[in-house]
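Me: I would like to go through this model and ask what each term in its description rests on. Please set each value against its definition.

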Amino acid sequence: MQTNIGKKAAGEKAAGYIKPGMTVGLGTGSTAYYTILRIGELVRDGLDIKAVATSAQSEELAREQGIPLIDFDQVDSIDIDIDGADEADAQLQLIKGGGGALLREKIIAAASKEMVVVIDEQKLVKHLGKFPLPVEVATFAWELTFRQLVAIGAHPVLRMKDNQRFLTDNGNYILDCHYQKIHNAAALHAQLNNVPGVMENGLFLHYATRLIIGAADGSVREITHPYPAKTSF
Ligand SMILES: O=C(CO)[C@H](O)[C@H](O)COP(=O)(O)O
């Protein structure tokens, strides 16, 4: 894999927010990859943490790195989740799911006290929507779900990989919905999740608490959002 300096800088910086004793959510994708590698180094240097992964791919990488993983039945609360995004705006609203892990990513983000998002500078946008919005749908009667999405103007395209229908870790399909510009993200989020067969969509509107943006010269800048303190379960 060719090194993207901005992704590496942002991904590594995020690991600095992890404190001993924390339970950490491990994100998915080529930016979170650098976070996981850095966490692996910290663990080998003695950092005592536990982790949960947002995808089979990240779980495997974490195991290779010697990061202790715990089952969800042992998770009281997730202290910090560090994950990538496909687009982010300055209000810390995100489009995620380019890697197809959005459902697990959202479950873990929602259960985390903090969500640190790591991106390279190209993903910081004024308006969300240029990146096609991933929507995870049940395989059962997916054609009907597809048509329902067409009817509400979502312009869905079934995601393919290696000439096969892409299957998520949860055994679902992804419909990438082409908007160009999303005008009312909260309304769209509700509208999409209201369609039977839709498991989740890739709009993450109130989860990120910190955005770390890596530049091509290796520098990083951060945007934080003063949400009311999040409660965890
Ligand atoms: O949402 C995701 C996976 O479902 C990823 O976080 C997102 O696609 C960003 O990936 P990358 O860091 O490889 O650009």
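Reply: Helices here are DSSP runs of H or I with at least four residues, and strands are runs of E with at least two, numbered from the N terminus. The model is a predicted one.

Me: What makes strand 3 and helix 4 part of the shell around the ligand?

Reply: Strand 3 (78-84) and helix 4 (102-110) each supply at least two residues of that shell. A residue is near a molecule if its C-beta atom, placed from the backbone, lies within 6 Å of it. There are 18 residues around the ligand, and Gly 29, Thr 31, Gly 84, Gly 98 and Gly 99 come nearest.

Me: How are the shell residues divided by class?

Reply: The shell has four nonpolar, 10 polar and four charged residues. Gly counts as polar in this scheme.

Me: Why is helix 1 called largely enclosed?

Reply: A residue is buried if 20 or more other C-beta atoms lie within 10 Å of its own. In helix 1 (residues 5-15), 10 of the 11 residues are buried, so the helix is largely enclosed by the rest of the structure. Among the buried residues are Gly 6, Lys 7 and Glu 12. The buried residues of helix 1 pack against helix 2 (32-44), strand 3, strand 6 (112-120), strand 14 (210-214) and strand 15 (220-224).

Me: How do you know which residues of domain 1 touch domain 2?

Reply: The domain assignment gives domain 1 (5-123 + 205-217) and domain 2 (133-196). Two residues are in contact if their C-beta atoms lie within 7 Å. With that cut-off, 12 residues of domain 1 are in contact with 11 residues of domain 2. Helix 4 gives the largest share of the domain 1 side, three residues.

Technical notes: Residues numbered from 1 in each chain as written. Predicted model: local features only at pLDDT ≥ 70, side-chain atom pairs only at ≥ 80, totals over all residues. Domains from an automatic or database assignment. Buried ≥ 20, exposed ≤ 12 C-beta atoms within 10 Å, placed from the backbone.
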